[in-house]
Each structure stands twice: as C-alpha cells, then as structure tokens.
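Here are some notes for a reader who is new to this structure. Please keep the model open while going through the points.

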Amino acid sequence: MVKNINLVLATLYSITLILVETILNTYWDDWRYAPLWIVDYLIALILLSAVFVFNSHRQNLVLLLGWSFSAGVTYMALFISLEPNGLNSADIEGKLPLFVLALLVSIVGLILTIIDFEQKTYP
C-alpha cells in the first residue's frame with residue numbers, strides 16, 4: 001500500500017513539476033539560467049524512471065535518490081528566496097508557495113520510501 005502511494009505521488013509530482021516549470025519559465029521568460037530549470041527536469045526523470053523502469057530493491061533506491069534530490073533542491077530554492085535579495089523579486093509571491101509545497105511533497109515521498117524500506121526484508 002505504501003509503495004503504491006509513493007509511486008502515484010512520484011508520478012503526479014514529476015508530471016506537475018515538468019508542467020509548472022515549463023509554464024512558469026515560458027510565462028516569465030526565464031529560460032536564461034539553465035541550471036535552475038535543468039535540475040527540475042532531472043528530478044522528474046529520476047522519479048519517473050523509478051516508477052516505470054526499475055523494479056523491487058532498485059526501485060526503492062532510485063526513489064530515495066529522486067526524493068532526496070528534490071528535497072535538497074527545493075529546500076535550497078526556498079531559503080535562497082527568503083533572503084533579502086530574493087524577497088525583492090517581482091514574482092516571489094507566486095514562487096514561495098510552490099517551493100513550500102514541493103518541499104513538503106518531497107519530504108512525504110522520502111518518508112514513504114523509508115517506510116517501504118523498513119517493511120521489506122531483502123536477502
């Protein structure tokens with residue numbers, strides 16, 4: 001049950017992340033600095049590969065990698081945006097709730113992956 005919830009969450013989060021990143025970058029014309037948006041596509045690629053490519057123990061390891069990477073990136077984005085220079089950004093009111101939501105979903109996914117690890121016994 002935990003595994004299925006985690007896989008659905010990873011799929012929905014990845015698709016949403018790709019769509020929101022593409023829409024926001026197109027709307028704000030913010031494609032210039034590539035590392036900021038490439039990591040989001042990389043997170044989605046890792047999580048979707050965990051869902052659709054890998055199975056069993058490797059699937060949990062790739063999920064752990066994807067959720068950890070996502071939590072780290074969104075934590076960094078959130079707290080960089082909360083410093084005084086980041087708060088002066090014109091689009092900060094739209095981005096802060098998205099960063100908080102992405103961080104919370106990443107933490108939930110990470111917790112679900114750890115719970116699934118503890119429920120299984122591997123040889």
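Is Ser14 buried or exposed?

1. Ser14 is buried, with a relative accessible area of 0%; buried means under 20% relative accessible area, exposed over 50%, and partly exposed in between, using a 1.4 Å probe and protein chains only. Ser14 is part of helix 1, helices being DSSP runs of H or I with at least four residues, numbered from the N terminus. Leaving aside residues up to four places away in sequence, Ser14 touches Ala44, Leu47 and Leu48, where contact means heavy atoms within 4.5 Å.

2. On the source: this is a predicted model, in which local features need pLDDT of at least 70 and side-chain atom pairs count only at pLDDT 80 or more, while totals for chains, interfaces and linings use all residues. Residues are numbered from 1 along each chain as its sequence is written, and side-chain values use heavy atoms, with hydrogens and water left out.

3. Helix 1 packs against helix 5 at an angle of about 155°, their axes being 10 Å apart. Axes are lines fitted to C-alpha atoms, for helices over the stretch in contact, and angles run from 0 to 180 degrees between N-to-C directions. The two helices, helix 1 and helix 5, are therefore roughly antiparallel, a label for angles over 145 degrees. Their crossing is left-handed, that is, the near helix is turned anticlockwise from the far one by less than a right angle.

4. Residues of helix 1 that meet helix 5 include Val2, Lys3, Leu9 and Tyr13; among those on the helix 5 side are Leu98, Val105, Leu112 and Asp116. By class, the contact of helix 1 with helix 5 has twelve nonpolar, five polar and two charged residues. Here Ala, Val, Leu, Ile, Met, Phe, Trp, Tyr, Cys and Pro count as nonpolar, Asp, Glu, Lys and Arg as charged, and the others, Gly among them, as polar.

5. How many salt bridges does the structure hold? There is one, a salt bridge being a side-chain nitrogen of Lys or Arg within 4 Å of a carboxyl oxygen of Asp or Glu. Asp116 forms a salt bridge with Lys3, with the closest N and O atoms 3.2 Å apart. Asp116 lies in helix 5 and Lys3 in helix 1 (residues 2-27), so the pair ties together parts that are 113 residues apart in sequence. Both Asp116 and Lys3 are buried.

6. Helix 3 (residues 56-81) and helix 5 (residues 92-119) have axes that come within 8 Å and cross at roughly 150°. That makes helix 3 roughly antiparallel to helix 5. The contact of helix 3 with helix 5 divides into 18 nonpolar residues, nine polar and one charged.

Key:
Angles under 35 degrees count as roughly parallel, over 145 as roughly antiparallel, 65 to 115 as roughly perpendicular and the rest as oblique.
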